[in-house]
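Please look over the sequence and the model before reading the points below.

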Amino acid sequence: MEYFAGLDVSLRSCALCIVDSKGTVLLERELPCEVDEIAAHLNSFPHAIERVGFEAGTMSQHLFYGLTGEGFDVVCMEARQVNAALSAMRNKTDKNDARGIAQVLRTGWFSPVHMKSREAHGVRALLSTRKALLSKTIDLANEVRGLLKIFGIRLPKTVKHGSFDGVVRPMIEMDEVLAHALVPLLDARLVLYQHFLELDRRVKRAATQDEVCMRVMTVPGVGPIAALTFMAAVDDPTRFKRSRTVAAHFGLTPRRYQSGEHDNPGRVLKAGDRDVRATLYAAANALLKRTMAGSQIKSWGMRLMRTKGRRRAVVAVARKLAVLLHRMWADGTVFRSETVEGLA
């Protein structure tokens, strides 16, 4: 008989449930969310565990590689499917969730989630840190703008990040009251901006040192940020059998509702990684609006813009870019502007 272990994971604790192939609950425990504790309880079970499963979450990476290293067959399950299965339960508790996850694991009604490599998570952390520092720098600049308005000082509508301190600091230092209150804010913003510039240099260096990034950056509109974001999200191009499914994976394909005589297409799914979707949208917008080089993908997008509107055209080009970048990565090919038509 086969035995399956389901884990309902939270930040510091997890609920463990072990069932057999008939669905009979054999063991239930509340454990600390530590690999050693979980592995010890699984090893103390008198029978070999066929598979260990939990839904995707913030602790998935740590638990997956930790339990795999202990010799268990570990599966990380797609959260939406697990949530749909658990929604049928009357009471939501950690114990009941672990029991439901074990039953889902036993029946096989789940989709496994790809666990990214440590290198991919490192690139993603670099990009997220850069984005966070830029966001905080903008927030502090806007805070300074708002405070200066109270004293009748109105800054120009557009001031570049690099020249903001040089423009604003002389105005503030002329007034003792303003200097006492706002100079520390300017100092904090300047430090954040300097760290942002360092992270921006690291991102560009990482992109130029990677052969795949350099190849995909030959696509119009795709820069270091878009290339690294896409590569960190995909991680392994071979996990997609067809390039067309990459666009659906990142939520860039239309939603569809079909039942009987009704067949209604809707808006894009917006599933998957939000940052990748936003980055591809920005790259598509840059391709259509700012790049001067001509290509079939740009001509196709411009025709679509005239008939469907700007937003739909940008989304369609973003979808085509996702397919194109994966194809170039998987095949080792280079961008050829005359062969883009019909990829998506």
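This is a predicted model: local features need pLDDT of at least 70, side-chain atom pairs count only at pLDDT 80 or more; totals for chains, interfaces and linings use all residues.

The largest pocket holds about 920 Å³ of space, and the second largest pocket holds about 750 Å³. The structure also contains 15 salt bridges.

**The largest pocket**

- The space in the largest pocket comes to about 920 Å³. It is lined by 28 residues, and those closest to its centre are A56, V113, H114, H249 and G272.
- Five helices each give at least two residues to this lining: helix 2 (60-69), helix 3 (79-86), helix 5 (118-150), helix 9 (224-234) and helix 10 (244-249).
- By residue type, the lining of the largest pocket has 11 nonpolar, 11 polar and 6 charged residues.

**The second largest pocket**

- About 750 Å³ of space is found in the second largest pocket. Its lining is made of 18 residues, with R267, V268, R311, R312 and V315 the closest to the centre.
- At least two lining residues come from each of strand 7 (262-268), helix 11 (274-289), helix 12 (296-308) and helix 13 (310-331).
- Helix 13 provides the largest share of the lining of the second largest pocket, with 5 residues.
- The lining of the second largest pocket divides into 9 nonpolar residues, 1 polar residue and 8 charged residues.

**A nonpolar patch on the surface**

- I150, F151 and V177 make up a nonpolar surface patch, and together they have about 340 Å² of accessible area.
- One of these residues, I150, belongs to helix 5.
- I150 has a relative accessible area of 65%, so it is exposed.

**Salt bridges**

- Side chains of opposite charge can pair when their charged atoms come close.
- E78 and R80 form a salt bridge in which the closest N and O atoms are 3.2 Å apart. R80 counts as exposed because its relative accessibility is 60%.
- D97 and K92 meet through their side chains in a salt bridge, at 2.5 Å from N to O.
- R169 and D187 form a salt bridge, and their closest N and O atoms are 2.8 Å apart. This pair links distant parts of the chain, as R169 is in helix 6 (residues 164-173) and D187 is in helix 7 (residues 176-208), 18 residues apart.
- R169 has 16% relative accessibility and so counts as buried. D187, at 35% relative accessibility, counts as partly exposed.
- A network of salt bridges links R124, K131, D273 and D275.

- Where does F335 lie? F335 is in the segment after helix 13.
- F335 counts as buried because its relative accessibility is 17%, and buried means under 20%.
- In sequence, F335 and T218 are 117 residues apart. In space, the C-alpha atoms of F335 and T218 are 6.3 Å apart.

Technical notes:
Residues are numbered from 1 along each chain as its sequence is written. Side-chain values use heavy atoms; hydrogens and water are left out. On a 1 Å grid over the protein atoms alone, a cavity is a set of points where a 1.4 Å probe fits but cannot get out, and a pocket is an open set with protein on both sides within 12 Å along at least five of seven lines; lining residues have an atom within 4 Å of a point. Grid points are joined across faces, edges and corners, and a volume is the space filled by probe spheres set on the points. Helices (H or I, at least four residues) and strands (E, at least two) are DSSP runs, numbered from the N terminus. Ala, Val, Leu, Ile, Met, Phe, Trp, Tyr, Cys and Pro count as nonpolar, Asp, Glu, Lys and Arg as charged, and the others, Gly among them, as polar. Patches are made of residues with over 30% relative accessible area and no salt bridge: like charges are joined within 9 Å, nonpolar side chains (Val, Leu, Ile, Met, Phe, Trp, Tyr) within 5 Å. Accessible areas come from the Shrake-Rupley method with a 1.4 Å probe; for residues, only the protein chains shown count as cover. A salt bridge is a side-chain nitrogen of Lys or Arg within 4 Å of a carboxyl oxygen of Asp or Glu. Buried means under 20% relative accessible area, exposed over 50%, partly exposed in between (1.4 Å probe, protein chains only).
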